[in-house]
Amino acid sequence: MTTLSSTLATVTPTDKAYRLLRSTYTTVGSPSLILLPRSVDEVSEALTYAASTDLPVSIRSGGHGLSGSASNDGGIVVDLGALNTVSVTDPATGIVRVGAGARWSQVASALSPHELVISSGDHGNVGVGGLATAGGIGWLVRSYGLTIDHVRAATVVLPNGEVVRADAAEPDLFWAIRGAGSYVGVVTDFDIEAEHLPGLQVGQVMIEVDDAGTALRRWSEYMAEAPRELTMSGILTMSGSRVVLAMTAVVAEADPRAAAAMLAPLSNHRGTYRSPLTPARYTELMPPGHIHANLGQQATTTTNALFGRLTEASASALVEVARHRARPLLQVRGIGGAVNDIATDATAYPHRDAEVLVTATLFPPLGGRELGEAVAPMWPHALGAYRNFDSSPSSATFDRAFPGATGERVRELANRYDPDGVLSRTGGGPERKC
């Protein structure tokens, strides 16, 4: 077994810091050792050491991941939290170097003086590494696209400890880290092209949804044709005996009149109510106050499905899910726009024809059995799934996230870059070659 140097910081169950570092947001973990590298070389050392054991290995950037795989029981956690620097390396092109251990509220704060943004997740406490290697669906997704679509290069530590620069000169590795990064290596930093955004507008929209889902289908049709500066995300939920779609609208537009014009067609739909738009900064969507310790405080069971433009059948199926007696929390997002500009095979995220993402969540004491029953009506209409929004990774969820040729390529590259399956010891990865 490889030995660790005295300079690499470690935390064990007897240390005071262990309580704050053992868990993720959704899952209480009990690892035997937590490694805290402060440089790329120390990440290489940590990964080489972990590979020399037969213990479970977890890589953590933030710890918000729904699956809880950023920790484990009895194994090793490599925590990238110290690699959290954010710097604008090329103001002319908006290239920003972001450490994988940064949280998205830190990124938003660092870029705000430059009027730059990188579209990220919904919450400022989410870690950069886990999101920027899987996709990146956030408040500006229709105007900016996925986070991975703007990654121009990255530093990657392979499971054997080798440090590689992933960019256009390393096309296979560069392809894999943009959507399936956790299967091939540990990204320590990203060069990401940010977007200039002097301001935006935010408002609330509520739509009464009939049992046939007609209003939901009309919303989907509207979003498919709406200006891509508009992104909407919210919940499909019960309000008494009624079903309502309660959405937050984020418009990437500094001019309030132009922003209001983008939402005006929704007012023509019966049963639609919307608040006035108010000016906001991206830092208000990703405030520093979002950052918190991850203590396993929000146990959930979650799954998700991607859809094209909603049809009569798929919309009514979603209403059926919302009305299920388990009352799942259904988050509905309009995607498409800039996401769909990218070719299906350009990255390891292949779902470039999707227009709607629906995430379904239950909370204890309800779990996987109840959730599976509740969401069953939606699966016949789904195109696939987004890998970050599933709490129970399996071969089935892998196939939904990476269907067909994409899945075959991910499997091949996982076997090439991680032949011993070090990064798959916590489960949920592609099937390994015998």
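How many bridges join strand 13 to strand 18? You'll find out in the third view below.

This is a predicted model, where local features need pLDDT of at least 70, side-chain atom pairs count only at pLDDT 80 or more, and totals for chains, interfaces and linings use all residues. Residues are numbered from 1 along each chain as its sequence is written, and side-chain values use heavy atoms, with hydrogens and water left out.

**View 1. Here is an open sheet of 4 strands, in the order 1-2-4-3 with mixed pairing.** Strands (E, at least two residues) and helices (H or I, at least four) are DSSP runs, numbered from the N terminus. Two strands pair if DSSP finds at least two bridges between them. Strand 1 (9-11) and strand 3 (57-60) are the edge strands with a single partner each, so one side of each has no neighbour in the sheet. From one strand to the next, the twist averages 20°. Look at strand 3 and strand 4 (residues 76-79): they run parallel and are joined by 4 bridges. In this stretch, Ile59 stands opposite Val78 of strand 4. Helix 2 (residues 40-51) lies across strand 2 (33-36), strand 3 and strand 4, and runs at about 155° to strand 2. Angles like this go from 0 to 180 degrees between N-to-C directions, using axes that are lines fitted to C-alpha atoms, for helices over the stretch in contact.

**View 2. Next comes an open sheet of 5 strands, ordered 5-6-10-8-9 with antiparallel pairing.** The edges belong to strand 5 (86-90) and strand 9 (163-166); each has a single partner strand, so one side of each is left without a neighbour in the sheet. The twist here averages 20° from one strand to the next. Strand 6 (residues 95-99) and strand 10 (residues 186-193) run antiparallel, with 5 bridges between them. Contact means heavy atoms within 4.5 Å.

**View 3. Strand 18 (residues 329-334) pairs with strand 13 and strand 19.** Back to the opening question: 4 bridges join strand 13 (residues 230-239) to strand 18, and the two run antiparallel. Ile235 has Gln331 in strand 18 as its bridge partner. Strand 18 also runs antiparallel to strand 19 (residues 356-362), joined by 6 bridges. There, Leu329 has Thr361 of strand 19 as its bridge partner.

**View 4. Helix 6 (residues 171-180) packs against helix 13 (residues 404-417).** Their angle is about 115°, and their axes are 10 Å apart. The two helices are therefore roughly perpendicular, a label for angles of 65 to 115 degrees (under 35 is roughly parallel, over 145 roughly antiparallel, and the rest oblique). Among the residues that meet are Leu173 and Trp175 in helix 6, and Val410 and Leu413 in helix 13.

View 5. Most residues other than glycine have a negative phi, and most peptide bonds are trans. Pro365 sits in the loop between strand 19 and helix 11 (368-375). You'll find Glu115 in the loop between helix 3 and strand 7 (116-117).
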